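This report walks through a protein model by way of its open spaces, its sheets and one of its helices. Please keep the sequence and the structure in view while reading.

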Amino acid sequence: MTAILPLPKGWPSILLARRGAADPTDLDAAVAAGAFDGLRRAIRELGPAGTIAEVEASGLRGRGGAGHRTAAKWRTAASTEARNRYVVANGYGADPGAATDRTLLETDPYSVVEGVAIAAFATGAQVAFISVRSTATETVRRLQAAVDEATSRNFVGDDALGSGRRIEIEVRPVQGAYMLGEETVLLKALDGKRGQPEQRPPHPASRGFRNAPTVVQNVQTLAAVPWIVRNGAKAFGAIGTGDAPGTMLVDVRGAGRSGVAEIPFGTALRDVIALGGAPRAPRRVKAVVVGGPTGGILPASALDTPYTFEALRAAGAHVGSGSVIVADDRACVVDLARLLTRYAADEACGKTIPCRIGLRRIAEIGERLTSGTSRGGDLDLLADLSSDVVGSGLCDHERLATLPMLSGLRYFRDEVDAHFLRGQCPAGVCRPTALGVAAAAGRARRTAAPARAQA
């Protein structure tokens with residue numbers, strides 16, 4: 001399992017508060033530490049409406065990247081007339097460079113199980129799924145053991161805690177591409193259908209899995225719910241910031257050491273990367289990739305940016321998977337942006353033209369910048385294509401996939417121009433060719449061709 005980075009003294013811990021247990025699937029130990037107290041209070045004191053009100057008062061927002069208000073989804077699902085309702089916890093962890101969801105599921109599976117049960121109780125769902133990557137065998141084993149134990153002890157099941165409510169939780173190992181991080185794609189995968197996103201509205205909360213109201217949340221979001229119900233909305237709101245309360249797991253890589261850390265929202269990026277230690281001298285921080293493969297590449301001058309949904313979006317990045325990757329002065333930002341864009345284009349489902357063609361053309365511009373085959377209008381074309389993709393994309397994957405190249409242009413224009421105009425890679429990573437030299441060589445080849453033919 002990925003290392004859990006130690007936190008500074010006084011930092012709060014919600015999601016990993018029970019870390020360090022000898023056996024994370026030991027239900028007695030988990031109960032002694034407070035597991036299922038939140039579910040008990042929801043059932044015996046608050047009721048469905050009161051539980052949703054408590055979550056709403058806490059200000060909890062989704063940890064899957066978009067930051068939607070959690071209670072809004074629950075209220076929509078609960079109020080939509082339907083025979084069946086569902087809760088789906090997304091623990092797939094689509095970003096190959098982030099182990100946040102897997103770390104949570106392996107460290108404290110009961111926090112997720114309890115959060116799923118509370119969401120099901122509040123929304124009137126009788127069946128819930130926890131999706132997890134099928135190749136994460138240890139994660140699947142621990143999660144299934146926790147579900148089985150909680151069911152056998154009547155915390156969930158046909159008569160959860162004697163409430164007369166059926167809350168059946170099923171662990172669903174799934175396998176697919178990066179697109180499984182998108183909620184409508186995940187719902188299709190759970191139903192054995194082709195993984196492509198759907199137009200919204202209608203949103204899954206009103207019509208989702210098998211056309212029934214479905215609450216889809218990241219496992220971190222649901223794991224925070226028991227703490228909120230147990231300790232109260234006010235206590236949760238006191239952590240983080242007013243618009244982004246609570247904590248989130250981040251995966252810090254590329255610094256002195258790598259690992260997962262739980263940070264309060266509002267923590268400066270400088271303090272986030274410090275948890276992994278600064279690059280070893282004489283290296284220095286050049287850039288930070290925030291948000292995973294579709295994240296933004298921010299310069300060292302932006303390290304005072306607070307880790308919140310709005311602040312990161314304004315800076316040209318996003319919360320995404322919680323991935324924070326530090327690049328030192330040996331990195332070529334143009335090549336890094338090219339690599340991320342190429343990955344996003346390869347992982348795209350191709351359902352729409354902006355996805356199928358637009359992302360591929362953007363990736364090709366990055367390839368040309370680093371390989372010495374740039375064309376005269378490439379940078380203007382990059383801006384135009386990105387605008388078109390953002391404006392007409394079907395899902396966030398294609399819209400956000402423009403961020404690596406756009407943030408590179410925004411913050412590292414000198415380095416882009418060095419590749420594009422002067423044929424230089426300041427980091428010495430790629431082998432660009434100056435646009436003027438390339439054009440002259442092209443003219444020379446075209447002039448020489450007829451002469452060779454006549455000879």
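## The largest pocket

Sorted by class, the residues that line the largest pocket are 15 nonpolar, 25 polar and 10 charged, where Ala, Val, Leu, Ile, Met, Phe, Trp, Tyr, Cys and Pro count as nonpolar, Asp, Glu, Lys and Arg as charged, and the others, Gly among them, as polar. The structure is a predicted model, in which local features need pLDDT of at least 70 and side-chain atom pairs count only at pLDDT 80 or more, while totals for chains, interfaces and linings use all residues. Residues are numbered from 1 along each chain as its sequence is written, and side-chain values use heavy atoms, with hydrogens and water left out.

The pocket holds about 1,300 Å³ of space and has a lining of 50 residues, with Gly64, Gly65, Ala66, Gly181 and Asp396 lying nearest its centre. Two or more lining residues come from each of helix H3 (70-79), helix H4 (100-107), strand E4 (214-218), helix H8 (219-231) and helix H15 (396-400), and E4 gives the most, with four residues. Helices (H or I, at least four residues) and strands (E, at least two) are DSSP runs, numbered from the N terminus. On a 1 Å grid over the protein atoms alone, a pocket is an open set of points with protein on both sides within 12 Å along at least five of seven lines, a cavity is a set of points where a 1.4 Å probe fits but cannot get out, and lining residues have an atom within 4 Å of a point. Grid points are joined across faces, edges and corners, and a volume is the space filled by probe spheres set on the points.

Helix H12 (333-347) and helix H16 (403-411) each supply at least two of the lining residues.

## Two open sheets

Four strands form an open sheet in the order E3-E2-E1-E4, with parallel pairing, where two strands pair if DSSP finds at least two bridges between them. Strand E3 (168-174) and E4 stand at the edges with a single partner strand each, so one side of each is left without a neighbour in the sheet. Strand E2 (residues 127-133) pairs with E3 over seven bridges in the parallel sense, and Phe129 stands opposite Glu170 in E3.

Another open sheet has five strands in the order E6-E5-E9-E7-E8, with mixed pairing, and its edge strands are strand E6 (259-264) and strand E8 (296-299), each pairing on one side only. Strand E7 (residues 285-290) and E8 run antiparallel and are joined by four bridges, and Ala287 stands opposite Pro299 in E8.

## An enclosed helix

How many of the 15 residues of H5 are buried? The count is 15 of 15, so H5 is largely enclosed by the rest of the structure; buried means under 20% relative accessible area, exposed over 50%, and partly exposed in between (1.4 Å probe, protein chains only). Helix H5 (residues 109-123) reaches 21 Å from its first C-alpha to its last, close to the 21 Å expected at 1.5 Å a residue, the expected span being 1.5 Å times one less than the number of residues. Gly124, whose phi is positive, near 85°, follows H5.
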